[in-house]
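Take a first look at the fold below.

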Amino acid sequence: MRRLLVTAAIAAALFAAAGCSGERDGAAAPGPSGGPSAGAPSSGAATPGASPGGSPAVDTSPAGGNGKEVCEAATKAATSSVQTFVSELGKSLQAASTGDTAGAQAAQRKAEAALQTWGNAMREQSARATDERLKTVLAEIATEVGTMKATVESVDENKLQELQQRLEALCPS
């Protein structure tokens, strides 16, 4: 049950946090120099000398183009799907613990439908996005959600956390 709560918190945070203030972005996703990635103006260009001999600097500016609209639509769709998924997954586990096989199976079907809705919404918003970085992260979220099943074990908390951090940088409020 503890893992369900952790998983639920991470999944809910994946999209709820995208609408939070940009103050958390710096703490959540350090920039190439180890400092905050948001909060400082960014031209999108690499900072000279920021990573000598290392990987190229990463653009941490908010999504451009229709990013604000896409972020809002993705967040709204995902929040609903995540809430349904977590609720139905909890119902499934509860029903299974009491021996209610039919109830557990019904809740699992609803949880899987919520995952499908979530993945479809992310693919749809990815297709709408004009910012390539936002397009990519939404597509990756759709792919990750597509690997999930109506089980706690299918949720990769680390991958969801990494995707959340990337989405937060692109979708600050």
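Of the 173 residues of the protein, 39% count as buried. The model shown is predicted. Its accessible surface comes to about 9,100 Å². Carbon and sulfur atoms make up 56% of that surface.

Now the fold. The protein has 6 helices and 0 strands. Along the sequence the pattern reads α-α-α-α-α-α. Among contacts with a separation of 6 or more, 74% are between residues 24 or more positions apart.

Start in helix H3, which covers residues 67–97. Ser-81 lies in this helix. Is Ser-81 buried or exposed? Its relative accessibility is 4%. The cut-off for buried is under 20%, so Ser-81 counts as buried. Which residues does Ser-81 touch, beyond its neighbours within four places in sequence? They are Ala-114, Thr-117 and Trp-118.

Next comes helix H4, made of residues 101–128. H3 and H4 pack with their axes 8 Å apart. The angle between them is about 165 degrees. Angles over 145 degrees count as roughly antiparallel, and H3 and H4 are therefore roughly antiparallel to each other. The crossing of H3 past H4 is left-handed. By class, this contact has 18 nonpolar residues, 7 polar ones and 5 charged ones.

Move on to helix H5, residues 132–147. How do H4 and H5 pack, and at what angle? Their axes are 8 Å apart, and the angle is about 160 degrees. H4 and H5 are therefore roughly antiparallel to each other as well. H4 passes H5 in a left-handed crossing.

Which residues meet here? From H4 come Leu-115, Trp-118, Gly-119, Met-122, Arg-123, Gln-125, Ser-126 and Ala-127. From H5 come Lys-135, Leu-138, Ala-139, Ile-141, Ala-142 and Val-145. By class, the contact of H4 with H5 has 9 nonpolar, 3 polar and 2 charged residues.

One residue ties the two stops together. Trp-118 is in contact with Ser-81, and Trp-118 is also among the H4 residues that meet H5.

H3 is roughly antiparallel to H4. H4 is roughly antiparallel to H5. Both steps belong to a protein with 6 helices and 0 strands.

How values were computed: Residues are numbered from 1 along each chain as its sequence is written. This is a predicted model: local features need pLDDT of at least 70, side-chain atom pairs count only at pLDDT 80 or more; totals for chains, interfaces and linings use all residues. Side-chain values use heavy atoms; hydrogens and water are left out. Helices (H or I, at least four residues) and strands (E, at least two) are DSSP runs, numbered from the N terminus. Buried means under 20% relative accessible area, exposed over 50%, partly exposed in between (1.4 Å probe, protein chains only). Contact means heavy atoms within 4.5 Å. Accessible areas come from the Shrake-Rupley method with a 1.4 Å probe; for residues, only the protein chains shown count as cover. Axes are lines fitted to C-alpha atoms, for helices over the stretch in contact, and angles run from 0 to 180 degrees between N-to-C directions. Angles under 35 degrees count as roughly parallel, over 145 as roughly antiparallel, 65 to 115 as roughly perpendicular and the rest as oblique. A crossing is left-handed if the near helix is turned anticlockwise from the far one by less than a right angle, and right-handed if clockwise. Ala, Val, Leu, Ile, Met, Phe, Trp, Tyr, Cys and Pro count as nonpolar, Asp, Glu, Lys and Arg as charged, and the others, Gly among them, as polar.
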